[in-house]
Amino acid sequence: MLMLFLCAGGLGLSSGSGSGLVGRRPAAPMPPGSVYRSHLMFEHLLPDMRASASRPNPVSDVSCPLMTTHYKKSGKRWVPCISKRMAQSALPPSNGFLVVEANGGLNQQRISICDAVAVASLLNATLVTPAFHLNSVWRDSSKFGDIFDEEHFIKTLQKHVRVVTELPEDVSAQFDHNISNIPNMRTKAFSSHSYYLEKVLPKMLELGAVRIAPFSNRLANSVPSNIHALRCLANYEALRFSVPIRILADNMVGRMIKKSSLTGGKYMSVHLCFEEDMVAFSCCIYDGDWKENIAMENARERSWRGKFHRPGRVINPEANRRNGRCPLTPLEVGMMLRGLGFDNTTSLYVASGKIYNSEKYMTPLRQLFPLLQTKETLTSPEELAQFKGHSSRLAALDYTVCLQSEAFVTTQGSNFPHFLMGHRRYLYGGHAKTIKPDKRKMVLLFDNPDIRWDRFKHLMQDIRRHSESKGFGFRKHDGSIYNLPMPECMCQQAEA
């Protein structure tokens, strides 16, 4: 569920006596950026955007944003060096078994898995490959081996952490062959490494096994450097996707490269967080008509059952929008990219689930970027059939194609871009090569339907200069290693 909070960017909830009806409008004039008016700007700017659409660029044309470097070279580059951060010694006898349950979508599951590896090392425990929790939001019954290469995972970690696929028969018998009978420690979020040593280890030594469920974000970001290195080993080296996912994902990447001949085989990827559940959870207003209100209310009730109607809870959609908490629509993403200089010859991959009101919201984006592709257009129905109904496996396809793109655009905070940016830094010399717009500035810009095209482009370039595309990032004391693997998991190396 935490991923949904991140993806929605917060609800803008406050205490009060109201019931929290989303359709409420204050009587006083609203500050700029409070109301969705981007569709009016699109209609106003569309003739200019069409007129500015350039002819196909030759591969050598440095004016194309995908053909230019977006950051300055420092003379040194960062390269993975996990092995230098980790001790190589024989593992002592195991203190017991650690059983965890990973919840949420694909990348929240990754957090649980990698943190479980780290905790198993702290406790000198044997980790049982995590089980995945099936909930009403993600609705994915996949097991560990359906998404990840389980044999590779165990083999990669074997010198540092023992991993087994199930409890041994004698240990399982102690708990009547029912994992639910293993005491659940119910650890608090972001618990310190000392907590595990002082509270969890004694129980493990007593019983031979402990269970922690749920296990999302149950280890603090501030841990010893060798534990950070182990997190990186698990995330970037041990966790590779299962063979069926890898085969199709690699084919998709190859097809994207082939379809990107106008930009030398380079393509851009965008993560859209505009599925019905995400829009509903954000409590933001777009059309504002009765159809949208009913659809969003039904979606909230279906997935969160009364959460948004609790006494004392007031929802402020206008404040949510001003504070940059509303998911960007595909229309807004298209205008943003055109303002940044990406023309209609740009090869664009869109990663997402099922877009809310897709026909309406995706049509403008396709108008601006006719070379747009998705996993549905890059694959045949037969190829995609084995992944249908499994959101995490589908997300793994999107993740791979975005990972290999020349540039990545994130439109809403969530675990998907959080992990992807870290992985891109790990692969691309420390640089995420990511555009991360400031949505608080964006909503003010989109609230001016009469703006001139040249003025819009100028302001968009200004926003980009302050986005994530500007360069490297280093992890602070309490930052996430999954987003910023430097300096713990990477070392500087002179350019060749």
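**Disulfides and a helix pair in the predicted model**

Cys81 and Cys491 are both buried, where buried means under 20% relative accessible area, exposed over 50% and partly exposed in between (1.4 Å probe, protein chains only). The model is predicted: local features need pLDDT of at least 70, side-chain atom pairs count only at pLDDT 80 or more, and totals for chains, interfaces and linings use all residues. Residues are numbered from 1 along each chain as its sequence is written, and side-chain values use heavy atoms, with hydrogens and water left out.

A disulfide is a pair of cysteine sulfur atoms within 2.5 Å. By this rule the count is three. One joins Cys81 to Cys491, with an S to S distance of 1.9 Å. The link of Cys81 and Cys491 is right-handed, with 80 degrees about the S-S bond. This pair links distant parts of the chain, 410 residues apart. Cys81 sits in the loop between β2 (76–80) and α3 (82–85), and Cys491 in strand β14 (residues 490–494). Helices (H or I, at least four residues) and strands (E, at least two) are DSSP runs, numbered from the N terminus.

Cys232 and Cys489 form another disulfide, with sulfur atoms 2.1 Å apart. The link of Cys232 and Cys489 is right-handed, at 85 degrees about the S-S bond. Cys232 belongs to helix α9 (residues 225–238) and Cys489 to the loop between α21 (453–465) and β14, so the pair ties together parts 257 residues apart in sequence. Cys232 and Cys489 are both buried.

In the disulfide of Cys284 and Cys326, the sulfur atoms are 2.0 Å apart. This link is left-handed, with -95 degrees about the S-S bond. Cys284 lies in the loop between α11 (276–282) and α12 (290–304), and Cys326 in the loop between α13 (317–322) and α14 (330–339), so the pair ties together parts 42 residues apart in sequence. Cys284 counts as buried because its relative accessibility is 3%. Cys326 is buried too, at 7%. Cys283 is in no disulfide; the nearest cysteine sulfur, that of Cys284, is 7.4 Å away. Cys283 is buried, at 0% relative accessibility.

Helix α18 (residues 391–403) packs against helix α19 (residues 415–427) at about 40 degrees, with axes 10 Å apart. Axes are lines fitted to C-alpha atoms, for helices over the stretch in contact, and angles run from 0 to 180 degrees between N-to-C directions. Contact means heavy atoms within 4.5 Å. Contact residues include Tyr399 and Cys402 of α18 and Phe416 and His423 of α19. Cys402 is buried, at 0% relative accessibility.
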